[in-house]
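I am opening a notebook on this structure, and I will write down what I looked up, entry by entry.

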Amino acid sequence: MVAQAPAPAPAPAPAPAPARRPPGRPVRWTRPADWPREVLALAAYWVAGRVLMVGLIRSGRTEPAIEVHRTYHGWYQVLRTGTFPVGDVTWQYPPGAALPMLAPGLLPFLTYLQSFVLLALLADAAVQAALLAAGRGPGRSTWGAWGWALALPLLLGLPYGRYDLSATALAVGALLLFPARPRLGGALAGIGAMVKVWPALTLLGTPRGRTTRQTWTAAVLCALALLLVLAACFDHTLGFLHAQGGRGVEIESLGGSALQVARQLGWPGRVEQHYGSFEFLGPHVHLVARLSLLLTAAAFGWLLLWRVRARRWTAATPYDAALTAVLLFTVTSRVISPQYLVWLIGLAAVCLTVEDTTQRPVALLLLPVVGVTTVDYPLFFDSMQAGGWWPTAVILLRNGLLLAASLWSAARLWRATASPRPSAAADALAA
């Protein structure tokens, strides 16, 4: 009997192909139903916060609304005649500030206050959309968009009653455009510098080489072009320089904090409205003002040294350098008005759009700075003019936190970009 060959073993069944996820549909921003959940949550919070801010200023009785009613609208009436308000010592802004003052006139069917708030709301929305777009992609984060949405309402209705929001929008736009469109980013920085000066500091951290040449050239050309246009359309274009030079020590500045303490200890100075703000008048105030200017010069010198010594650039370096620069110039200023925090919120939010930013803890520290600023203004502002330990403690806390944030920001920027890296041998020894 012939043995039959064993039947061949059955071939193993092929492994099932991995399930493939169907490609996601592209987000159609014109249809909110297609938005990701995070975007929906962000939009809901943004709308809720901005309804609160508009509601706080809508009555027209708050100080920010009164500022728009009286001061800004008064400047608007003067600017319409073809001249800057040269006889008004409260006009201390560069010529480009005429643009946000005149812009509400483009909406004649609304009151000046309504138009101003609407334009501020649109600038706020533009910043929010730009931060959200910048936070999507590899190495990016939506923390910047959340930071802007969460922090700005902490200032209550103030951002919509000052024109700092438009300057911040120009600075944020410039920073976000630097990597892909450096000329356009430089143009926005130049225009921003003509509106409020400080957006020029956004140019400090651009990478050396072609990007710096393009951005700085575009900024200078656009700033000069705007200056020439304004000089051709208005008289007394540079009249603001006289009023700016006459400013003293404002009660909310770092030097003002020292004078607040001195007043509690018997210093005979007083507080009066002077050059558009409440300033200290009395013995030795001019020395404090000079010291503030010297500190500002020292900060500028440190920034130039950092620019020369910096060796390592990342995607976050231009953003981090801008926040550091504006923090240093803010804390050494003779005037630290509450609206200055709008600048810092915007720049901190730009830093947070990049995952490897060095400024994340600084941005978090700015949140209590914003909160204490709101306690200072408007809650304690009247009592601060009169004097007392409680308002003095509040402003000392705010300025102490702001000083800590400035020094921390500078140290982290220097360590990440300019300090020498430890050698491999030192690393091995430390391990």
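**Entry 1: a helix and what covers it**

I looked up helix H10, residues 254-264, and found that its buried residues are Gly255, Gly256, Ser257, Leu259, Gln260 and Arg263. For my own reference, buried means under 20% relative accessible area, exposed means over 50%, and partly exposed lies in between, with a 1.4 Å probe and protein chains only. Helices (H or I, at least four residues) and strands (E, at least two) are DSSP runs that are numbered from the N terminus. I then asked what covers the buried residues of H10. The cover includes strand S1 (270-274), S2, H11, H15 and helix H16 (389-417). After H10 comes Gly266, which has a positive phi, near 110°.

**Entry 2: what kind of model this is**

I note that this is a predicted model, in which local features need pLDDT of at least 70 and side-chain atom pairs count only at pLDDT 80 or more, while totals for chains, interfaces and linings use all residues. Residues are numbered from 1 along each chain as its sequence is written, and side-chain values use heavy atoms, with hydrogens and water left out.

**Entry 3: the whole protein**

I found 17 helices and 2 strands in the protein, and buried residues make up 48% of its 431 residues. Contact means heavy atoms within 4.5 Å; among contacts between residues at least 6 apart in sequence, 74% join residues at least 24 apart. The protein exposes about 21300 Å², of which carbon and sulfur atoms supply 68%; such areas come from the Shrake-Rupley method with a 1.4 Å probe, and for residues only the protein chains shown count as cover.

**Entry 4: two pockets**

I had to write out the term before using it: on a 1 Å grid over the protein atoms alone, a pocket is an open set of points where a 1.4 Å probe fits, with protein on both sides within 12 Å along at least five of seven lines, and lining residues have an atom within 4 Å of a point. Grid points are joined across faces, edges and corners, and a volume is the space filled by probe spheres set on the points.

The largest pocket has a volume of about 1500 Å³. It is lined by 50 residues, and the closest to its centre are Tyr93, Arg247, Val335, Ser337 and Tyr340. By class, the lining of the largest pocket has 24 nonpolar, 15 polar and 11 charged residues. Here Ala, Val, Leu, Ile, Met, Phe, Trp, Tyr, Cys and Pro count as nonpolar, Asp, Glu, Lys and Arg as charged, and the others, Gly among them, as polar.

The second largest pocket has a volume of about 450 Å³, and of its 22 lining residues, Leu119, Ala123, Ser166, Ala169 and Leu170 lie nearest its centre. Its lining has 19 nonpolar, 2 polar and 1 charged residues, and helices H3 (98-102), H4 (112-134), H6 (164-177) and H7 (182-196) each supply at least two residues.

**Entry 5: the nonpolar cores**

A nonpolar core is a set of buried Ala, Val, Leu, Ile, Met, Phe, Trp, Tyr and Cys residues joined through side-chain atoms within 4.5 Å. The largest one has 97 residues, and Leu131, Leu323 and Leu366 have the most contacts inside it. H13 gives the largest share of this core, 12 residues. A second, separate core of 14 residues includes Val271, Ala289, Tyr377 and Ile395.

**Entry 6: single residues**

Is Gln359 buried or exposed? Gln359 counts as buried because its relative accessibility is 0%, and it is found in the loop between H13 and H14. Leaving aside neighbours within four places in sequence, Gln359 is in contact with Asp320, Leu323, Thr324, Cys351, Ser409, Arg412 and Leu413.

Trp302, in helix H11, is partly exposed, with a relative accessible area of 25%. Trp302 and Ala410 are 108 residues apart in sequence and 9.3 Å apart in space, C-alpha to C-alpha.

Finally, I noted that the peptide bond from Tyr377 to Pro378 is cis, with omega near 15°, and that Pro378 lies in helix H14.
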